[in-house]
Amino acid sequence: MISQDELQLAARNHGMPLEALRYPITPAGLHYLLIHYDIPDVDAGRWALSVEGRVARPLTLTLADLRERPAHEVTSTMECAGNGRALLAPHIVSQPWLLEAVGNAAWKGVPLRAILEEAEPLDDAVEVVFIGLDRGFEKGVEQSYQRSLGLDVALTDDVLLAYEMNGAPLLPQHGFPLRLLVPGWYGMTNVKWLAGITVVAEPFEGYQHTAAYRYRDNEEDEGSPVTRMPPRALMVPPGIPDFNTRARTVPAGPCALQGRAWSGWAPVTRVEVSTDGGETWGDAELEPLDSRWGWRGWAFEWAADEPGEYVLCCRAEDEAGNVQPLEPIWNVGGYSNNAVQRVYVAVAAEQKA
Ligand SMILES: Nc1nc2c(c(=O)[nH]1)N[C@H]1C(S)=C(S)[C@@H](COP(=O)(O)O)O[C@H]1N2
Ligand SMILES: [Mo]
């Protein structure tokens with residue numbers, strides 16, 4: 001069972017209701033939200049981004065300075081690394097996500113590479129640290145939220161300093177006035193309320209790299225870093241739910257299943273659906289892939305003719321051959337549980353008024 005503390009986290013950090021998988025672009029208010037500390041109080045008039053450290057030309061850029069530069073837009077699926085955590089056993093105390101910590105948005109901003117090229121990283125530069133304005137404690141360690149990227153990743157296409165989401169300035173909860181966007185990587189990479197970029201000559205050893213966001217088998221295990229999103233397919237739960245349990249009911253007859261799938265490693269090339277709890281599988285039809293980094297729509301016609309109880313599942317595969325496991329794989333932080341979704345549905349003989 002989840003505790004009062006976890007309920008407090010869950011009430012602040014909402015997920016995307018799975019029926020919102022219908023929208024190709026997630027409306028901003030339906031995109032999931034994860035905020036480790038508080039939404040900081042940002043005065044946009046006084047805010048500026050500093051770029052410093054191992055660079056030949058340190059920069060200070062206002063929002064107007066950033067908006068003046070050539071802009072780039074990327075549609076990208078963002079998913080929290082803790083998505084699926086509450087489905088793991090033994091229980092892990094943290095934000096108790098089921099499966100809804102995801103969203104797909106159109107992000108606009110300045111390519112990070114353009115800004116780094118202006119600042120000219122020195123020859124000894126190895127990583128870039130991104131510092132948010134929000135501060136808090138984790139396991140007794142006071143910190144500003146910060147994460148780094150290797151310089152090689154920081155210089156790749158489509159990594160953005162984003163000031164717009166879905167055609168509007170970032171909302172306070174999504175990082176106004178500026179956030180990092182690293183398509184394909186799990187959510188924690190995309191530092192919100194970004195105010196500082198420091199180029200460093202040593203690998204960054206901040207809390208969010210050394211204590212959090214590592215795949216660890218046990219508390220003593222040093223583990224390995226959480227980086228990109230492995231594949232996942234989710235479906236819009238069909239029919240209608242029960243208010244309390246959210247168990248689904250559909251009327252007997254053909255039932256159109258639909259959903260989305262994504263992978264941060266390679267494009268999604270296959271989605272399969274099972275209507276018997278994972279015993280047998282059939283291929284879903286895939287929509288064209290309009291953005292490398294955005295989720296891919298899929299559809300599957302289910303002949304739900306026989307009344308009874310069913311367990312629907314879906315799973316994605318990417319071009320690199322990554323697949324979803326049938327059973328969850330546990331780790332200390334509860335990261336990256338991309339085991340197949342299971343949706344419990346009753347097929348009813350006749351629809352009640
Ligand atoms: N500054 C800052 N950036 C942050 C976070 C945070 O707490 N502070 N949370 C991270 C995590 S864990 C996730 S999953 C994503 C969530 O982004 P969203 O709330 O816009 O969906 O933001 C990331 N960036
Ligand atoms: Mo996250």
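This section describes aromatic pairs, charge–ring contacts and salt bridges in a predicted model.

The structure contains four aromatic pairs. One of them joins Trp 262 and Trp 295 in a tilted arrangement, with 6.2 Å centre to centre and 45 degrees between the planes. Trp 262 belongs to strand 16, whereas Trp 295 lies in the loop between strand 19 and strand 20, so the pair ties together parts 33 residues apart in sequence. Trp 262 is buried, at 2% relative accessible area. Trp 295 is also buried, at 6%. Trp 302 and Tyr 310 form an edge-to-face pair: the centres are 5.3 Å apart and the planes stand at 75 degrees. Trp 302 is buried, with 5% relative accessibility.

Two arginines sit over tryptophan rings. The charged end of Arg 292 is 4.2 Å from the ring centre of Trp 293. Arg 315 lies over the face of Trp 281, at 3.9 Å from the ring centre.

Twelve salt bridges are present. Among them, Glu 120 meets Arg 57 at 3.0 Å, N to O. Glu 120 is partly exposed at 35%, as is Arg 57 at 48%.

Arg 270 bridges to Asp 283, with the closest N and O atoms 2.8 Å apart. Arg 270 lies in strand 17 and Asp 283 in strand 18, so the contact ties together parts 13 residues apart in sequence. Arg 270 is partly exposed, at 33% relative accessible area. Shared partners join Arg 270, Glu 272, Asp 283 and Arg 315 into one salt-bridge network.

Key
Residues numbered from 1 in each chain as written. Chains lettered and ligands numbered in written order. Predicted model: local features only at pLDDT ≥ 70, side-chain atom pairs only at ≥ 80, totals over all residues. Heavy atoms only, no water. Phe/Tyr/Trp six-rings, centres within 6.5 Å; stacked < 30°, edge-to-face > 60°. Helix = DSSP H or I, 4+ residues; strand = E, 2+ residues; numbered from the N terminus. Buried < 20%, exposed > 50% of the residue type's maximum accessible area, 1.4 Å probe, protein only. Lys NZ or Arg CZ within 6 Å of the ring centre and 35° of its normal. Salt bridge = Lys/Arg side-chain N within 4 Å of Asp/Glu carboxyl O.
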